[in-house]
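Hi there,

Here is the structure I promised to pass on. Have a look at it first, and my notes follow below.

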Amino acid sequence: MSARVAHRLGPLAVVLVLLGAWELYARSGRVDPFVLPAPSAVASALWHDRGLLASNLAVTAEEVGLGILVALAAGFGLAVALHFSSLLRRGVYPLLVASQAVPIVIVAPLLVVWFGFGMLPKLAIIALVCFFPIVVTTLDALRAVDPDQRKLLATLDARRWQTFRWAEAPAALPAALSGAKIAVAVAVIGAVFAEYAGSSEGLGHLMLQSIPQLETARSYAAVVVLAVFAVLLFALLALAERALVPWVADRTQGARRP
């Protein structure tokens, strides 16, 4: 019991130490509060601006949720297409890798020009940020299926799509969800970039407005809300993984047992 309590309180203690150090540094006078507000000021902004933060979070949450769904569908579909066609894989995969070197701040204004200031360019930006880890993890899982399973299905006269249905797709689904969990960490960043490029609401838009208004604490409060939202979304994906691929969770728990 004491080990379990220590395991849970350890991360909390680290966070408290970091917040304490931040508070002392911010109050030492070495940095302007408009540049780095103290955690107490951020907490005050979280409370006093809770209505404003909540309304803008609803907008950003919708963008991130839909963007991840689009990225998951597009990433899984593209990974399957690359897996089935070696010619397509040789031609497209290097372009996918090269696309990650293109700064999203260059692409975002162009998407706004093409699609306007609605939801579509924001979904496109978030999907562009998120889909690459989904493609890579899914494609690696498809290619790493046990060869003996393929041989067994071949001896049973299984067709190519049947091999995919019964052997490759079940192996790729956990990898796709793992890629989605990785993508969650950057999805909120993509949403902020999308709202910076052109938006009248959302937490990214709120941060963009707060800094020129010298409401730096409010901007930091929006970052805290985004971080908490990303953690919650990661937890939801972990629950979805347990529901959709329970054999992976059972195998992981079995490996953790002494």
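Let me start with D49, which is buried because its relative accessible area is 16%, under the 20% cut-off. Please keep in mind that this is a predicted model. The side chain of D49 meets that of R218 in a salt bridge, at 3.2 Å from N to O. This pair links distant parts of the chain: D49 sits in the loop between α2 (39–48) and α3, while R218 belongs to helix α10 (residues 216–244), 169 residues apart. R218 counts as buried too, at 16% relative accessibility.

The count comes to 2 salt bridges.

Together with L9, L12, L16 and L19, V15 makes a nonpolar surface patch of about 430 Å². V15 itself is partly exposed, with 42% relative accessibility.

Finally, the helix packing. Helix α3 (residues 50–84) and helix α8 (residues 160–197) have axes that come within 7 Å and cross at roughly 145°. Their crossing is right-handed. Residues making the contact include V64, I68, L72 and F76 from α3, and A172, A176, A180 and V184 from α8.

Best wishes

Conventions:
Residues are numbered from 1 along each chain as its sequence is written. This is a predicted model: local features need pLDDT of at least 70, side-chain atom pairs count only at pLDDT 80 or more; totals for chains, interfaces and linings use all residues. Side-chain values use heavy atoms; hydrogens and water are left out. Patches are made of residues with over 30% relative accessible area and no salt bridge: like charges are joined within 9 Å, nonpolar side chains (Val, Leu, Ile, Met, Phe, Trp, Tyr) within 5 Å. Accessible areas come from the Shrake-Rupley method with a 1.4 Å probe; for residues, only the protein chains shown count as cover. A salt bridge is a side-chain nitrogen of Lys or Arg within 4 Å of a carboxyl oxygen of Asp or Glu. Buried means under 20% relative accessible area, exposed over 50%, partly exposed in between (1.4 Å probe, protein chains only). Axes are lines fitted to C-alpha atoms, for helices over the stretch in contact, and angles run from 0 to 180 degrees between N-to-C directions. Helices (H or I, at least four residues) and strands (E, at least two) are DSSP runs, numbered from the N terminus. A crossing is left-handed if the near helix is turned anticlockwise from the far one by less than a right angle, and right-handed if clockwise. Contact means heavy atoms within 4.5 Å.
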